Amino acid sequence: MLILIKGAGDLATGVGYRLHQCGFPVVMTEIAQPTTVRCTVAFSTAVYQGFATVEGVTARRADTPAEIAQVLSQGEIPVAVDPEGTLVHTLTPGAVIDAIIAKRNLGTRISDAPVVIALGPGFCAGVDCHAVVETKRGHDLGRVLYQGQAIPNTGVPGIIEGVGAERVIRACRDGIWKPLVQIRQLVQAGDPVATVEGEPVLASISGVVRGLLPEGTPVHRGMKAGDIDPRGILEYCDTISDKARAIAGGTLEALMHLLWERGSL
């Protein structure tokens, strides 16, 4: 049964990885210029690099049905640029998972597939999809809802080592993003980490740069453009996060429950 995942950022990658490891054929879709900051653990990197490998699983760019079939036959995950969502109708997957994490519904419908699952706020289970998976850090992270909605977006990042909003690197103005550091690099609070149109962006905390937009990405003032992990553990830059794994577990639970409920297992 083919599963189509909308989005290929780091959280979507956690889901795609988990389902792939469970034997499901997975196709992921993205926009033409992804804005994923955790590039080292996101299959969206395949859009501009051609391929991306995360924890031993490789995703490869494939935009046509023939290319998608070829990549699937190789045991890899196809990543297609499909901003309009046309592949949902072309491929007729058995399940659609909206993992865009846009905090709102950008067009997913409960009629898109026999099983439709959405991650995070902006969706109502039973209306937009068959199940919603909670994405907010805390007690309910990864919980599956078959009725109702996830916790509304607070705009406040989850706390890591007592640090919340300060760990996010944000663009200082509108323009083109130019990083001065690299993912896996240790920085100190106050260090310049990037520029936007010549204006410096400074690190708010000390730690390891865990995420960073690629050079040349158009940004707007206040846009999330990077992430500093105060724990300073370099290995975390190259592995799927605890949050992504929890969400992936909830998504797998929802998928299996809904398939069982429909007699498809």
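Arg 38 lies in the loop between β2 (26-30) and α2, where helices (H or I, at least four residues) and strands (E, at least two) are DSSP runs numbered from the N terminus. The model is predicted: local features need pLDDT of at least 70, side-chain atom pairs count only at pLDDT 80 or more, and totals for chains, interfaces and linings use all residues. Residues are numbered from 1 along each chain as its sequence is written, and side-chain values use heavy atoms, with hydrogens and water left out.

The C-alpha atoms of Arg 38 and Leu 145 are separated by 27 Å, at 107 residues apart along the chain. Trp 260 belongs to helix α5 (residues 242-261). The table gives the accessibility of two residues, with buried meaning under 20% relative accessible area, exposed over 50%, and partly exposed in between (1.4 Å probe, protein chains only).

| Residue | Relative accessibility | Class |
|---|---|---|
| Arg 38 | 4% | buried |
| Trp 260 | 59% | exposed |

The second largest pocket is lined by 17 residues, among which Cys 39, Thr 40, Thr 45, Tyr 48 and Gln 49 lie nearest its centre. The elements giving two or more residues to this lining are α2 (46-49) and β3 (51-54). The largest share of the lining of the second largest pocket, four residues, comes from β3. A pocket here is an open set of points on a 1 Å grid over the protein atoms alone, where a 1.4 Å probe fits, with protein on both sides within 12 Å along at least five of seven lines; lining residues have an atom within 4 Å of a point.
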